[in-house]
Amino acid sequence: MSNPLEEAPTHVKLAVDLIMILEQHDVEPEEVLKALDIVKSDFEKKLVNN
């Protein structure tokens with residue numbers, strides 16, 4: 001029996017990895033959301049500039 005995560009799209013695997021890292025470091029949810037806003041903005045700019 002295979003692990004469903006192995007079959008998942010890359011963005012789902014990345015999301016699971018990020019969630020695990022943040023939970024392991026006990027980062028407060030409010031801080032995570034603030035950081036994700038910055039990350040999202042940065043990567044949206046990279047999309048426009050490519």
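This is a predicted model: local features need pLDDT of at least 70, side-chain atom pairs count only at pLDDT 80 or more; totals for chains, interfaces and linings use all residues.

1. Let me start with the surface.

2. Burial comes next. Of the 50 residues in the protein, buried ones make up 4%, where buried means under 20% relative accessible area.

3. On overall dimensions, the radius of gyration is 14 Å, whereas a compact globule of 50 residues would have one near 10 Å. The C-alpha trace spans about 40 × 30 × 10 Å along its principal axes.

4. The secondary structure consists of three helices and zero strands, and the order along the sequence is α-α-α.

5. Helix H3 covers residues 29–49 and includes Leu-33. Leu-33 has a relative accessible area of 54%, so it counts as exposed, the cut-off for that label being over 50%. Together with Leu-36, Val-39 and Phe-43, Leu-33 makes a nonpolar surface patch of about 380 Å². I would enjoy looking at this patch with you on screen.

6. Helix H1 runs over residues 4–7, and Glu-6 is part of it. Glu-6 is exposed because its relative accessible area is 53%, and the label needs over 50%. Between Glu-6 and Asp-17 there are 12 Å in space, C-alpha to C-alpha, for a separation of 11 residues in sequence.

7. Finally, charge. The protein carries 11 negative and 5 positive side chains, and 10 Å separates the centres of the two sets.

Note on methods:
Residues are numbered from 1 along each chain as its sequence is written. Side-chain values use heavy atoms; hydrogens and water are left out. Patches are made of residues with over 30% relative accessible area and no salt bridge: like charges are joined within 9 Å, nonpolar side chains (Val, Leu, Ile, Met, Phe, Trp, Tyr) within 5 Å. Accessible areas come from the Shrake-Rupley method with a 1.4 Å probe; for residues, only the protein chains shown count as cover. A salt bridge is a side-chain nitrogen of Lys or Arg within 4 Å of a carboxyl oxygen of Asp or Glu. Helices (H or I, at least four residues) and strands (E, at least two) are DSSP runs, numbered from the N terminus. Buried means under 20% relative accessible area, exposed over 50%, partly exposed in between (1.4 Å probe, protein chains only). The radius of gyration is taken over C-alpha atoms; the globule rule is 2.2 Å times the number of residues to the power 0.38. Lys and Arg count as positive and Asp and Glu as negative; His and the chain ends are not counted. The place of a charge is taken as NZ of Lys, CZ of Arg, CG of Asp or CD of Glu.
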